[in-house]
Amino acid sequence: MPLDAYAAGAAYVDGRYMPVAEAAIPVTHFGWRRSDVTYDVVGVWEGSFFRLDDHLTRFAASRAKLRMTPDESEADLRAILNRVVALSGLRSAYVSMECVRGAPAPGQPRHPAFVRPYVVAFAIPWIWLAPPEMMARGMHLMTSQTLRIPPESVEPRAKNFHWGDMTRAQFEALEAEADYAILPDREGNVTEGPGFNVFSITGGVVSTPIRGGLDGITRQSVMELCEELGLPLEVRAIPVAELQAADEIFACTTAGGIMPASRIDGRRMNNDRPGPISMRLHDRFWEKRAEGWRATPVDYAAATEMA
Ligand code: PLP
């Protein structure tokens, strides 16, 4: 297959490589019917993965939580991720790795323990959760009435597609003319939003929720940047009322890095513009990325070897 067939993205599904548009999972699989799937997303920026080891470690932990052991080893996963990026030729990419439960074989019990999980991976062009125009003006955030699914029901630290709460909250955001929702838990504390973690800054102290959300790898990077920049950091419960009164708020994720907000529930912060501490963290994040921080170069020659 000529490599330009992969220009829109390349995928791996259970042992086979293909253009991303051809990648599909069967409709009978538990991964689809029961959301019995876990995944992780690593970014490739200017030819290098960012914190690849951390993403692979988290993906392994997520699989263990869901009791999934696919055939592929850790070394295989590394090679597969490299190969889908190399096939696509993309210098900046959104790279997903997924472990999907299939369907029971005829005669087998309809129980997940009897079903083989398999690996899906793909690389597509880089995604900005906050496009440049939104980054410039700051995100408009709102707190939803929809509560985040409790960790006692679905473990948010195992990255998952149980997005019923997030999807409902996004329609609340649309009605409120906000860009994104932030979901509280039933104690009235902040958890996270659809695809991002949240930080709140009050009186120069940077805070992020201790539970109810994913242990985001960008969140981890922010915590390391706070240490480097000497910014006081607290990981604790953040009541929604505190977020609503914060000096600054930012969201963070692989697909976009650090994304400062300028509005929360209609209230304007920092003259309706991204706040100074958020921007300091944002700028340092991208400066360090350009310097090769935690970067693993993609081996693009791997594409021609297999073509
Ligand atoms: N929270 C949720 C629900 C997510 O889906 C994501 C990423 O997709 C994040 C937080 C941010 O995590 P990371 O920084 O590891 O991309």
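Predicted model: local features only at pLDDT ≥ 70, side-chain atom pairs only at ≥ 80, totals over all residues.
Q: Is Ser 96 buried or exposed, and what is its relative accessible area?
A: Start with where Ser 96 sits: strand S5, which spans residues 93-101. The cut-off for buried is under 20% relative accessible area. Ser 96 falls under that cut-off, so it counts as buried, with a relative accessible area of 1%.

Q: Which residues is Ser 96 in contact with, leaving aside its neighbours within four places in sequence?
A: Contact here means heavy atoms within 4.5 Å. With the sequence neighbours set aside, the list for Ser 96 runs to Tyr 39, Asp 40, Val 41, Leu 81, Val 120, Ala 121 and Phe 122.

Q: Which side chain makes a polar contact with the side chain of Ser 96?
A: For a polar contact, the N or O atoms have to be within 3.5 Å. The pair in question is 2.7 Å apart, and the partner of the Ser 96 side chain is the side chain of Glu 98.

Q: Where does the ligand sit, and which elements give two or more residues to the shell around it?
A: The ligand is in the largest pocket. Two or more residues of the shell around the ligand come from each of these elements: helix H6 (217-229) and strand S13 (248-253).

Q: Which residues come nearest to the ligand?
A: There are 16 residues around the ligand. Those that come nearest are Lys 159, Glu 192, Ile 217, Thr 218 and Thr 254.

Q: What is phi of Ser 35, and is the residue buried or exposed?
A: Most residues other than glycine have a negative phi. Ser 35, in the loop between helix H1 (30-33) and strand S3 (37-45), has a positive value, near 50°. Its relative accessible area is 16%, so Ser 35 is buried.

Q: What is phi of Asn 271, and does the residue count as buried or exposed?
A: Asn 271 belongs to the loop between strand S15 (267-268) and helix H8 (276-290). Phi is positive here too, near 55°. Exposed means over 50% relative accessible area. Asn 271 has 77% relative accessibility, so it counts as exposed.

How values were computed. Residues numbered from 1 in each chain as written. Heavy atoms only, no water. Helix = DSSP H or I, 4+ residues; strand = E, 2+ residues; numbered from the N terminus. Buried < 20%, exposed > 50% of the residue type's maximum accessible area, 1.4 Å probe, protein only. Polar contact = N/O pair within 3.5 Å; in protein donor to acceptor, adjacent residues only side chain to side chain. Near = heavy atom within 4 Å. 1 Å grid on protein atoms, 1.4 Å probe; cavity = no way out; pocket = protein on both sides within 12 Å on 5 of 7 lines; lining within 4 Å. Sits in = over half its atoms within 2 Å of the grid points.
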